[in-house]
Amino acid sequence: MTPPDALPPPDPDRRSVLRAAGASLALATAAGCDWAPNEFGSPLYAPARGLGGPAQSYATVLELDGVGRGVLARVVNGHAIKIEGNPRHPGSLGATDVFLESAVLGLHDPARSRRVRQRGQLVRDPARLAAWLAEQRAALAAQGGQGLRILTGPVSSPTQRRLIAAVLAAWPGARWHVHAPLADAAGAEGAMLAFGAALVPRPDLSRARCVLALGADPLGPGPAQLALARGWAEGRAAGRASGRLPALIVAESTPSLTGSKADRLLVLPPWEIEALARAIAAELGVAAAAGATHPEAASLAASLRAAGPATCVLAGRGQSVAVHALAHAINAALGATLPYVENPTAVAAGTLAELVAEGDAVTHLLVLDANPVFDAPADLDVAGLLRRVPHSLHAGLHVDETALAAGWHLPLRHPLESWGDSLAFDGTAALRQPVTLPLVEAAVSVEELLSALAGPGANGQTLVRETCRATWGEADFEQRWRAVLEAGLVPDSAPAARVPALRDDFALPPATPAPATPVAIFVPDPHLWDGRFATEAWLQELPRQLGSLAWGNAVLMAPADARAAGLAEGAEVELRLGDRLLRAPVLVTPGQAPGVVTLPLGGGRRAAGGVPGGIGMDAYRLRPAASLWLAPGLVLRATGGAGWAARGADFALADEAPRVRRLAPGEAVPPLPPPRSLYPDWTYTGHAWGMAIDLDTCIGCNACVVACQAENNTPVVGPEEAARGRAMHWLRVDRVASGTPEAPQVDFQPVPCMHCEKAPCEVVCPVNATVHDHEGLNLMIYPRCIGTRTCSNNCPYKVRRFNWAGYARQAGAVPVHNPDVPVRPRGVIEKCTYCQHRIKGAQDTARQEGRTVRDGEIVTACQSACPTRAIHFGDINDPASDVSRAKAEGRNYALLGHLDLRPRTTYLARLVS
């Protein structure tokens with residue numbers, strides 16, 4: 001057995017990076033296979049819409065923190081190559097996030113666990129594990145399961161819950177424990193104080209006239225992000241139409257996506273957020289908060305009072321119990337009809353801390369799809385527990401830190417190749433079906449392993465059908481089964497939400513005193529989450545929205561704190577919390593609360609599949625079990641070294657013209673003077689494709705960037721090349737900041753190729769490799785390109801990428817392969833094509849059916865992924881098209897429009913009240 005702490009943090013070399021990028025090698029191979037998924041008996045979804053060719057889409061569900069989000073997996077010749085959102089499912093509404101988009105990379109990852117292991121070593125004869133399981137099963141049966149502990153992550157799956165309950169019923173001595181690294185116990189306690197039940201709010205932001213986020217990030221990553229972001233965007237659209245924009249007020253300690261879209265932003269440490277919440281509640285007549293004051297409370301209370309029942313107050317992860325309770329109380333005081341439901345992952349199970357405390361009473365430990373050796377607080381010492389437990393088995397997708405510490409390791413099937421079920425954030429049930437044959441022969445699903453634990457076992461489909469049959473009954477079961485699989489969800493299965501009344505005896509705990517600073521706060525990484533996605537090279541290379549960090553992370557400090565400590569950006573610091581030490585680079589962050597140091601979780605993995613280990617800092621090493629989100633007593637010392645993570649390239653445009661326009665409601669962008677050009681105009685008589693991006697609703701979530709990468713075979717270049725600015729993303733999301741470091745104003749601006757009608761890249765190419773077609777697309781002819789890069793130098797938007805090393809074609813690093821898009825060789829330029837292959841596919845389909853292409857039939861990859869529907873695409877020659885209507889708005893403007901390049905991609909200005 002190899003203790004995880006003994007693993008050295010290797011420097012990422014090119015070979016290891018290429019192994020990470022090679023997760024897509026299997027996809028390129030798979031695209032050439034010719035079997036169909038229905039050969040193994042799966043009734044699957046109908047043909048994909050608007051794509052043409054052999055692609056099919058199949059409805060299934062993927063989970064984040066145990067909560068299901070419905071997706072359509074696009075399959076070519078039996079292999080999944082792209083994930084789209086399922087418009088029928090409330091957890092996705094047809095959109096995706098970065099985690100959903102990267103699922104196909106995880107499915108085809110060559111570094112996935114493929115063999116059974118014992119004490120970290122490969123076992124060549126799988127019968128040894130079967131014999132060991134039979135022996136332990138007999139021993140446990142003889143003692144009623146005494147000493148058996150099952151440890152899982154958050155579980156909403158009705159089938160998994162049923163099977164675990166069956167094991168516990170058969171073996172009364174066994175116990176179930178749940179480890180959720182990002183669970184917020186304070187939220188449940190706050191609801192208990194307010195309502196007497198651990199309910200969770202399910203707001204409809206489309207109806208809210210005023211949203212107050214107390215440390216909450218509803219637009220940021222999470223299981224309900226797609227639904228919340230869509231609701232917020234719909235509310236903004238209604239406000240623009242009526243001339244009365246809804247207000248978004250945010251109080252936060254560390255920058256967030258929600259804070260970047262705030263109409264009013266207050267940067268406060270966590271204890272002052274609680275003081276603000278108490279004072280607002282006092283202003284609104286909540287008796288339990290009487291006497292509390294804060295200088296901002298009166299004005300914020302007035303805004304909430306003006307919105308009345310259309311108010312929505314949300315408390316975020318890491319806030320105190322009092323803040324959560326006060327959010328509920330303020331909503332109740334204003335008569336807000338905010339619906340509440342049961343937490344879909346709430347179960348009667350023990351915690352990881354309780355499991356560790358049992359010590360020698362644990363004789364058998366089964367760890368299912370969890371990695372507590374990495375993501376548990378350091379003072380729990382889960383690795384030590386596994387060394388003491390006589391018999392342990394870990395089942396997971398990768399040979400991770402827990403797999404190396406456990407006695408046995410068994411590969412798990414990927415969700416895209418297994419049967420299962422789950423509940424959405426609102427309780428809607430959905431079925432998960434395999435969209436490909438199992439790619440790892442030795443792998444099993446969690447359901448199959450649980451079934452075999454105390455019985456003869458069954459396959460995943462049988463187990464899920466048993467759960468459905470018990471719920472639906474026998475009448476028309478087969479017909480309903482197929483209909484549910486086709487739809488991707490069980491219609492009308494969400495429990496009825498309710499608006500609970502505040503308890504008559506509502507009271508608050510004592511106020512949280514201000515601790516000595518600095519304090520550490522812990523947050524999930526926006527791309528790695530709790531660390532489980534650190535194996536995905538796409539997400540490692542994706543620049544963070546706030547700071548442009550890629551291939552690593554950093555501690556976030558306020559500019560004033562950095563100046564006081566004499567720290568420059570990128571300086572290495574030593575962090576001490578109790579007797580634990582950690583070294584990390586500093587990212588000086590505008591909008592960070594003074595006295596607060598933010599530590600993102602999820603980095604520093606020592607065993608992360610094919611991704612090089614040791615990338616970034618491991619904040620779990622400092623995280624205390626007694627205070628998971630805020631830890632006082634942090635000591636920070638400069639080491640004098642540099643520990644900078646790779647930064648995404650900062651793109652400077654051609655001049656200082658304003659990039660993001662901000663307008664008041666009713667205003668319009670001033671028109672530019674009439675253009676003058678030596679080149680004659682060209683008339684596009686057929687289709688003329690164009691795009692408009694609404695900066696008022698873009699939240700900078702980066703889903704469009706990963707969707708573009710997955711769709712277009714964009715390679716991974718690795719940390720060294722990314723640090724040189726050579727990342728190959730065709731689409732980037734620029735963060736445009738103004739204001740002051742203490743109170744920044746942040747906008748996000750997606751920047752693809754502009755497809756200029758008077759493109760400066762075309763006239764300088766010596767071999768005519770970049771050309772214009774008859775529909776206005778600026779295209780690359782790769783065989784002609786000789787790599788002079790004159791086109792890139794002449795592009796004022798800097799959206800063209802050069803293949804410096806042929807990243808996609810090096811040995812062992814074949815990229816994710818969409819067979820509709822060619823793989824580019826070394827030495828050529830590549831860029832956004834407006835998903836030309838989707839355009840041609842839709843045109844071919846329309847031609848075969850004897851009709852014209854319908855508006856909305858062509859959806860680009862970035863447009864499809866966007867949760868707020870900020871991207872509009874279509875034929876600008878059609879005045880009734882969606883994109884034409886967007887471009888007709890007074891908010892429409894062209895980036896660097898004064899250069900008269902006539903870009904087909906334009907922007908809609910952000911509105912501010």
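Colleague: Over residues 24-53, how many contacts beyond four places in sequence does the model have?
Modeller: This is a predicted model, where local features need pLDDT of at least 70, side-chain atom pairs count only at pLDDT 80 or more, and totals for chains, interfaces and linings use all residues. Residues are numbered from 1 along each chain as its sequence is written, and side-chain values use heavy atoms, leaving out hydrogens and water. In residues 24-53, pLDDT (the predictor's confidence in each residue, from 0 to 100) stays under 50. Counting contacts as heavy atoms within 4.5 Å, the number for this stretch is 77.

Colleague: Thanks! What does pLDDT average over the protein?
Modeller: Residues 1-12 also stay under 50. Even so, 92% of the residues score at least 70. The average is 90.

Colleague: Is Gln545 buried or exposed?
Modeller: Gln545 sits in the loop between helix H20 (537-541) and strand E21 (549-550); helices (H or I, at least four residues) and strands (E, at least two) are DSSP runs, numbered from the N terminus. Among the residues Gln545 touches are Leu257, Arg735 and Phe748. Its relative accessible area is 9%, and under 20% counts as buried, over 50% as exposed, and in between as partly exposed (1.4 Å probe, protein chains only). So Gln545 is buried.

Colleague: Which backbone oxygen lies 3.3 Å from a polar atom of the side chain of Gln545?
Modeller: The Gln545 side chain also reaches the backbone oxygen of Gly700, at 3.4 Å. The one at 3.3 Å belongs to Cys701.

Colleague: And is Val763 buried or exposed?
Modeller: Val763 has its place in helix H24 (residues 760-764). With a relative accessible area of 54%, Val763 is exposed.

Conventions: Polar contact = N/O pair within 3.5 Å; in protein donor to acceptor, adjacent residues only side chain to side chain.
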